[in-house]
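Trainee: Could you walk me through the salt bridges here? I am new to this one.
Mentor: Gladly, let us take a look together.

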Amino acid sequence: MPTAAVILAAGKGTRMKSDLPKVLHPVAGRPMILHVVEAARALGAARMVAVLSPGLAGVAEAVKPAAIAVQDPPLGTGHAVSCALEALGDFEGGVLVLFGDTPLIRTRTLVALRAALAPGVAVAVLGFRPPEPGAYGRLVLGADGSLERIVEAKEAGPAELAIGLCNAGVMAIDGRHLKSLVGAIANTNAKGEYYLTDVVAIARARGLGTVVVEGDADEVLGVNSRVELAQAEAILQARLKQAHMEAGVTFEDPASVRLSIDTQLGRDVTIGPQVVFGPKVKIADGVRINAFCHLEGASVETGAIIGPFARLRPGTVIARDAHVGNFVELKNAVLGEGAKANHLSYIGDADVGAKANIGAGTITCNYDGFDKHRTQIGAGAFIGSNTALVAPVSVGAGAITGAGSVVVEAVEADALYVERAPPVQKPGWAARFRAKKLAARQPKS
């Protein structure tokens, strides 16, 4: 069955107390609405419509190429879906109704929901069993297992409140009936709103089938506050780490590591405590990342060792068997195969050749206040401690720079470059200096 997705994201998100639209707050490094978009896209959704309130241009940009429908004013979930009907056109497949603030929904659940639209079934509702049903609407099933009705908690009697199966709000509706069912929703309720849940009763009154598909309670966690945002982050982090561990990754302290949704980790990778992976990080097989490292937009190849306390910024490539040590930062730089930068260095906008050694305290002076410039370091070069490489500059293969040098010109291959002021030593000067200072502090008689 072809599938379309309608994503409801018109809520103001006032409980977030943020200038950023609620659905753009990130979970595992990705705006929460894009988790929903990706789940639907993985299902093969042929059409996608996001229903937004006015003024959410940032959300509209984020969900491109999805179509945008504007709900103004907001008159309930049924009204929101009706706003998407024009964009859906004559679509007759399964239409998934999703929420932009439920980032934990899984594609496999959406597959099951869509598949539930068997012949004769017009509406499939996602249900879940929370530990505390509380204020959730209850799903009342018939003897044949079909969905008879949805009862809101405030309108439920004791028998209905005892039901543990609750309404998640997510639905699949047969596109051939969608317009008719949504068009029949009335607003005869205390709020004067059009509730999508009413399509169950409308469909049954027309002899159309309505069913429930059960999902996990975690999947339907709606994020309406910073507290719930943190809860969603914790759940997704646990999911991601479990998947990586099952694929052959070792986390020495899983709870302290933070992954992004797109983090790629190879087999036999070992991750120490307190490591943070920002977006677009790719780690090959057999890499070790020690404690307290931060990586973003970086690629690390087989056998490399990173950290502890290293920072790899966007554009960084660490080649096979290279070493990056403590308090070393790389940005838009390539550290060649077997090269080492083991201590207290900044390597920015640079290409470091294979088996080169970067001494402690080395910096590439890549920014002149207006433009960035690149440093080239050849294979097997040895950069002495506390060297400043003033880019644009190159150091040839096998060359050596003396400790403390400021390199301002090209260094030939296999040459020694030393830049130091002549040493000056004044015997006894320090003792005389101290005596003078102490004498000046003596009280005057």
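Mentor: We start with a definition: a salt bridge is a side-chain nitrogen of Lys or Arg within 4 Å of a carboxyl oxygen of Asp or Glu. Please keep in mind that this is a predicted model.

Trainee: How many salt bridges does this rule give?
Mentor: The rule asks for a nitrogen within 4 Å of a carboxyl oxygen. Counted that way, the total is 16 salt bridges.

Trainee: Which strand holds R311, the partner of E329?
Mentor: The side chains of E329 and R311 form a salt bridge, with N and O 3.8 Å apart. This pair links distant parts of the chain, 18 residues apart. E329 sits in strand β24 (residues 329-331), while R311 belongs to strand β21 (residues 311-312). So the strand you want is β21.

Trainee: Where does R313 lie, given that R313 forms a salt bridge with E329?
Mentor: In this salt bridge the closest N and O atoms are 2.8 Å apart. E329 lies in strand β24, so the pair ties together parts that are 16 residues apart in sequence. R313 itself is in the loop between β21 and β22 (317-318).

Trainee: Is K64 buried or exposed?
Mentor: K64 forms a salt bridge with E61, and their closest N and O atoms are 3.0 Å apart. Exposed means over 50% relative accessible area. K64 has 52% relative accessibility, so K64 counts as exposed.

How values were computed. Residues numbered from 1 in each chain as written. Predicted model: local features only at pLDDT ≥ 70, side-chain atom pairs only at ≥ 80, totals over all residues. Heavy atoms only, no water. Buried < 20%, exposed > 50% of the residue type's maximum accessible area, 1.4 Å probe, protein only. Helix = DSSP H or I, 4+ residues; strand = E, 2+ residues; numbered from the N terminus.
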